[in-house]
Amino acid sequence: QPHGRVFNFSAGPAVLPVDVLERAQAELLNWHGSGMSIMEMSHRGKEFESVIQKAEADLRTLLNIPSNYKVLFLQGGASTQFSMIPLNLAKAGETVDYVVTGAWSKKAAEEAAKYCKVNIAAKGDNKSLPAVASWKLSPDSRYVHYCDNETIGGVEFKSVPDVGDRVLVSDMSSNFISKPIDVAKYGIIYAGAQKNVGPAGVTIVIIREDLIGHCRAEAPTMLDYKIHVENDSMYNTPPCWAVYVCGLVFEKLVKLGGLDAMQELNRQKAAILYDAIAESQGFYNSPVDPAVRSLMNVPFTIPSSPDLEKQFIKEAEKAGMLQLKGHRSVGGMRASIYNAMPIEGVQKLALFMKEFHAKHAK
Ligand code: PLP
């Protein structure tokens, strides 16, 4: 790999495209003849303004975002959205629906419960997803929240849940811009950047205009969507560097042919790993229902031996494939294969799996 880089299978902060890092490096000390780094210049100057505007324009192109949606670049991670959403969309005592399909949607629901009445409309088992027709939505809920891709369990929705004319809110932190999305079906889409997009420190929020301007009076100013909309994401100092790198990634994806092309590549990459698991005839196991297996996060185990799992992770590391340890709540291994993971990395892992199996088959 160029620059002596490894294949990084981390769930986040995750791998970034090498050419994006090279460009950021080339522009680091003197951005476009300004004599300054992006990190050093005024966020109110026309240089940075052009950076954030281009980032937004390219993201709008990628996701075909309708004109009645605002794009925000915020701070506080996706975790801050867990409280910002209820504070802006529901009053105290009002009901909101949450679909809990894993660790992240559970956290989101717990946070919302501090501010309003949470109805758990459906629950998953970390291996499959509850059918949308079985969701027990409240008649009067202010919105329906779900997580499109559970990073830890590796379960991913394959289509937009139909919730009628309710406001649909989605945490897309770990599969944002991995596939095309019909934004018009959503009230809010949000994602922390540090998996599929760019560096940690910026959170992207796409919000329908009619949902802006209803924040509770007692909520912190920084948690009011309206404040950020009115100030073009620059109410306070934005995470300039993170926004800039996200912009480089968006520009690259636009040039590569957009999200249809990305989705196709992500399907190919995921299929290589899921096929390797299937071909091992039980030596490796994916705990997830094939219908909802994530294209981004692939958990797998070696059911016959936890010791072999440890050995697998150690030997993979020696071979230049890092961060394959599964989340502590699931165990085993997890290969996160976001947009920036080259197909060569996935092919190398699949070959390694085959060889490791051959060596340890009884
Ligand atoms: N939601 C999902 C699906 C995640 O995977 C994560 C982080 O891993 C979060 C939310 C929390 O994001 P942040 O660390 O940006 O607050």
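Which handedness does the β-α-β unit made by strand 3, helix 4 and strand 4 have? In this predicted model, local features need pLDDT of at least 70 and side-chain atom pairs count only at pLDDT 80 or more, while totals for chains, interfaces and linings use all residues. Residues are numbered from 1 along each chain as its sequence is written.

The β-α-β unit is right-handed, with helix 4 spanning residues 103–112; that is, with the strands pointing away from the viewer, the path from the first strand over the helix to the second runs clockwise. Helices (H or I, at least four residues) and strands (E, at least two) are DSSP runs, numbered from the N terminus. Strand 3 (residues 95–100) pairs with strand 4 (residues 117–123) in the parallel sense over six bridges, pairing being called when DSSP finds at least two bridges. Within this pair, Val96 has Val118 of strand 4 as its bridge partner.

Turning to the domains, an automatic or database assignment divides the chain into domain 1 (19–256) and domain 2 (258–360). Their centres, taken over C-alpha atoms, are 27 Å apart. Domain 1 brings 24 residues to the contact and domain 2 brings 23, counting residues whose C-beta atoms, placed from the backbone, lie within 7 Å. On the side of domain 1 that touches domain 2, strand 7 (155–156) and helix 6 (240–256) each give two or more residues, and helix 6 gives the most, with three.

Finally, the ligand has a shell of residues around it, including Gly12, Trp104, Cys147 and Asp171, each with its C-beta atom, placed from the backbone, within 6 Å. Helix 3 (residues 77–89) gives the most to this shell, with three residues.

How values were computed
Contact = placed C-beta atoms within 7 Å.
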